[in-house]
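Here is a short report on one protein chain. Have the sequence and the 3D view open as you read.

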Amino acid sequence: MRIYLVTLFPEAMRTALLRGVLKKGHDANRFSIECIDLRHYGVGPRNKIDDAPFGKQSGMVIRADVIQRAVMAIPNYSEYPIILMTPSGTQLDQGMAKAWSSQPGLIVISAYYEGVDYRIFNILPIIPVSIGPYVVSSGYLPALIVAESTVRLLPGVVGCMDNVIDDSYVSELLESPSYTQPRDLGPNTDLSVPEVLLSGHHQRIADWKRCQSLSATFFKQPRLLSTLQTSQADQAMLLSILKGEN
């Protein structure tokens, strides 16, 4: 898969993304990344990429023609989804990342300042995407989130795919809690590792983890349960959760 990040800070974005397991996946040719510097497609001797907005007294807006040239310079750009980070876009979710991970490439545009000239949406088939109902200073970090959430789903990037399948939202449920050494953190039993995890009984452990995932989802993200295909065992666990038995 090819990832293209259209940005004002190409080196910073590349360095931020290529760390840890993602760097290993990149070095193993699971994906490639290219950062497109908007400045290279600016206007005039100073490579200007923005200008003052019409009808408004403050702020600057990135020019549509600059973004257009930057994107169209990407080989076969029309074959890839083109994402632009904006607070007014569709909120990012795991399903979107999964869909993009099956594509041969992805183009992610970082917005800055007061945003971009709206006409860019008429020029290019851009998908506006948001990372949540809040505002940050630029599209720098949101673009990195889109890129990471997508490439980590590629085979071989996060090692065994089981490491990804059990993630929150991937399995349609929040992940069950994790524990490690030491087994006890104090005299309080609430600070001890649950005994079932030390039992070595694989089915009991799997049932416990499933119940914990259902419980966490029910209390923290109940909307996820509306689309979950539940088994009879799931329904029994949910009933126990409602009765306060788990």
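## Ile120 and its surroundings

Ile120 is in contact with Ala64, Ile67, Gln68 and Ile126, leaving aside its neighbours within four places in sequence. Contact here means heavy atoms within 4.5 Å. Ile120 sits in helix H5, residues 120–123. Helices (H or I, at least four residues) and strands (E, at least two) are DSSP runs, numbered from the N terminus. Ile120 counts as buried, at 0% relative accessibility. Buried means under 20% relative accessible area, exposed means over 50%, and partly exposed is in between (1.4 Å probe, protein chains only). From Ile120 to Val193 the C-alpha to C-alpha distance is 54 Å, and the two are 73 residues apart in sequence.

This is a predicted model: local features need pLDDT of at least 70, side-chain atom pairs count only at pLDDT 80 or more, and totals for chains, interfaces and linings use all residues. Residues are numbered from 1 along each chain as its sequence is written, and side-chain values use heavy atoms, with hydrogens and water left out.

## Helices against H6

Two packed helices are described by the angle between their axes and the distance between the axes. Axes are lines fitted to C-alpha atoms, for helices over the stretch in contact, and angles run from 0 to 180 degrees between N-to-C directions. Take helix H1 (residues 10–17) and helix H6 (residues 140–151): they pack at about 40 degrees, with axes 11 Å apart. That makes H1 oblique to H6. Angles under 35 degrees count as roughly parallel, over 145 as roughly antiparallel, 65 to 115 as roughly perpendicular, and the rest as oblique. H1 and H6 cross in a right-handed way. A crossing is right-handed if the near helix is turned clockwise from the far one by less than a right angle, and left-handed if anticlockwise. On the H1 side, Ala12, Met13, Ala16 and Leu17 meet Tyr140, Ala143, Leu144, Ala147 and Glu148 in H6. By class, this contact of H1 with H6 has 8 nonpolar, no polar and 1 charged residues. Ala, Val, Leu, Ile, Met, Phe, Trp, Tyr, Cys and Pro count as nonpolar, Asp, Glu, Lys and Arg as charged, and the others, Gly among them, as polar.

Helix H4 (residues 94–101) also packs with H6, at about 65 degrees and with axes 8 Å apart. H4 and H6 are therefore roughly perpendicular to each other. Their crossing is right-handed. Ala97, Trp100 and Ser101 in H4 meet Val146, Ser149 and Thr150 in H6. What is the make-up of the contact of H4 with H6 by class? It has 3 nonpolar, 3 polar and no charged residues.

## Aromatic pairs

The whole structure holds 7 aromatic pairs. Rings of Phe, Tyr and Trp (its six-membered ring) pair if their centres lie within 6.5 Å; planes under 30 degrees apart count as stacked, over 60 as edge-to-face, and the rest as tilted. Tyr4 and Tyr80 form a stacked pair, 5.9 Å centre to centre with 25 degrees between the planes. Tyr4 lies in strand E1 (residues 2–7) and Tyr80 in the loop between helix H3 (64–72) and E5, so the pair ties together parts that are 76 residues apart in sequence. Tyr4 is buried at 6%, and Tyr80 is buried at 7%.

Tyr179 and Trp208 form a tilted pair, 6.5 Å centre to centre with 50 degrees between the planes. Tyr179 is in the loop between helix H7 (162–165) and helix H8 (202–220), and Trp208 is in H8, so this pair ties together parts 29 residues apart in sequence. Is Tyr179 buried or partly exposed? Tyr179 is partly exposed at 43%, while Trp208 is buried at 18%. Elsewhere, ring pairs link Phe9, Tyr112, Tyr113 and Tyr140 into a cluster.

Thr86 is in strand E5, residues 82–91. Thr86 is buried at 17%. Setting aside neighbours within four places in sequence, Thr86 contacts Pro128, Val129 and Ser130.

Ser176 is in the loop between H7 and H8. Ser176 is buried at 11%. Not counting residues up to four places away in sequence, Ser176 touches Lys209, Gln212 and Ser213.

## Backbone points to check

Most residues other than glycine have a negative phi, and most peptide bonds are trans. Asn47 has a positive phi of about 50 degrees. Asn76 has a positive phi of about 60 degrees. A cis peptide bond joins Gln181 and Pro182, with omega about -5 degrees.
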